[in-house]
Amino acid sequence: MTPRQKKRLGFAAGAILILVTSAFFVLRPAELAVIKPVRQDVVEVVVASGTLRAVRQSMVGAESSGVVESLEVSEGDRVQQGELLGRLRLGETDARLAGGLAALRAAETTLRGEELQLEQANRDLRRARDLAARKLVPVAELDNAESAFSVQQANTDAARARLAEARAQVDQIRPEFGKREVRAPFNGVVIERMIEPGTSVSAATSWFTIAEMSATEIYVETDENNLGKLKVGQPAIAVAPAWPDQPFKAKLVQVGPNVDSERGVVGLRLASDDLPEFALPNMTIDVNIEVKR
């Protein structure tokens, strides 16, 4: 074989090798995806939507009539039990209380003066008795000292009686004075303010609605066909649409007891021990109640 033939043979062999290699990569079968079986829970849920409600809610106002002088809180404010919410304008009760306090202060001052005079009369009486016993003063002087002491004792007793009367009068007016103030009956959130300063109100007028957020419930309604799946104690995940990335846990605490036959729904109540800080009364809440796993 000539050198030229050998060279052609080498080129042919190389070409065949390249074709075989290319055919392998082009025609080889695709790699198979391998899926391994795993054990996983399958959860069935009942989805419902409702509102967050305060278990205790109260409307509060003053116990007497008048014109609203000031309001200390607005809707959405959190209040503590006993906190001042508002008061009525100064009126007849305030004038009576001011007069009663002035009379009380005057009676206290008078009594202090009478008691000082009584102490002096007592000292004078003891001195007169001592001198009379030693025959250094006439009996008439002792009689005068005893008479002066008796008169001063009566004056002091009268001053004490006037002071007691003034105190009783103030004690009688003070409860009426307190009726012009409105205070929070418990810790909660002001969810409604029905009046403004300057409003004329009666004793029956409600000023605020306060909800106690320490005891709340989520109330939702679901189709009555779900009754067979629902049981008290089932866990749930609750979500406020305004904070979708902050779900919290809840638990079904009551089913029914009544079914709305016209709409075909039943009410459910859920409670949460993990209520978020952003929770507000009457906020919309979506719940997923786990009924089967």
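1. Of the 293 residues of the chain, 30% count as buried. The model under review is a predicted one. Its chain contains three helices and twelve strands. The chain exposes about 19200 Å², and carbon and sulfur atoms supply 53% of that area.

2. Contacts across the sequence deserve attention at the outset. Among contacts in the chain with a separation of 6 or more, 75% are between residues 24 or more positions apart.

3. The pairing of strands may be followed from β9 onward. Strand β9 (residues 235-240) and strand β10 (residues 243-260) run antiparallel and are joined by five bridges. Two residues lie between β9 and β10 in the hairpin that they form. Within this pairing, Ala-238 stands opposite Phe-248 in β10.

4. Strand β10 also pairs with strand β11 (residues 265-271); the two run antiparallel, with six bridges between them. Here Val-255 has Leu-268 of β11 opposite. These strands likewise form a hairpin, with four residues between them, and Gly-264 in the turn has a positive phi of about 70°.

5. Strand β12 has pairings with β1 and with β9. With β1, the pairing is antiparallel over eight bridges, and Glu-44 stands opposite Lys-292 in β12. With β9, the pairing is also antiparallel, over four bridges; the bridge partner of Ile-237 is Asn-288 in β12.

6. The largest nonpolar core has 26 residues, and those with the most contacts inside it are Ile-218, Leu-270, Ile-285, Val-287 and Ile-289. Two or more residues come to this core from each of β1 (44-60), β8, β9, β10, β11 and β12 (284-292). A second, separate core has 17 residues, including Val-60, Ala-62, Leu-88 and Ile-195.

7. Which residues does Leu-270 contact, leaving aside its neighbours within four places in sequence? The list comprises Glu-217, Ile-218, Val-220, Ala-236, Ala-250, Lys-251, Leu-252, Val-253, Val-287 and Ile-289. Of the residues with the most contacts inside the largest core, Ile-218, Val-287 and Ile-289 are named, and these three are among the contacts of Leu-270.

8. Glu-217 is found in strand β8 (residues 208-223). Is this residue buried or exposed? Glu-217 counts as buried because its relative accessible area is 16%, and the limit for buried is under 20%. The side chain of Glu-217 makes a polar contact with the side chain of Arg-269, at 3.4 Å. Not counting residues up to four places away in sequence, Glu-217 touches Thr-51, Leu-52, Arg-53, Val-55, Arg-269 and Leu-270.

9. The structure holds one aromatic pair. The ring centres of Trp-243 and Phe-278 are 4.2 Å apart and their planes are at 15°, so the pair is stacked; planes under 30 degrees apart count as such. Trp-243 lies in strand β10 and Phe-278 in the loop between β11 and β12, so the pair ties together parts that are 35 residues apart in sequence.

10. Trp-243 counts as partly exposed because its relative accessibility is 31%. Phe-278, with a relative accessible area of 14%, is buried.

How values were computed. Residues are numbered from 1 along each chain as its sequence is written. This is a predicted model: local features need pLDDT of at least 70, side-chain atom pairs count only at pLDDT 80 or more; totals for chains, interfaces and linings use all residues. Side-chain values use heavy atoms; hydrogens and water are left out. Buried means under 20% relative accessible area, exposed over 50%, partly exposed in between (1.4 Å probe, protein chains only). A polar contact is a pair of N or O atoms within 3.5 Å; within protein, one must be able to donate a hydrogen and the other to accept it, and residues adjacent in sequence count only if both atoms are side-chain atoms. Contact means heavy atoms within 4.5 Å. Two strands pair if DSSP finds at least two bridges between them. A nonpolar core is a set of buried Ala, Val, Leu, Ile, Met, Phe, Trp, Tyr and Cys residues joined through side-chain atoms within 4.5 Å. Accessible areas come from the Shrake-Rupley method with a 1.4 Å probe; for residues, only the protein chains shown count as cover. Rings of Phe, Tyr and Trp (its six-membered ring) pair if their centres lie within 6.5 Å; planes under 30 degrees apart count as stacked, over 60 as edge-to-face and the rest as tilted.
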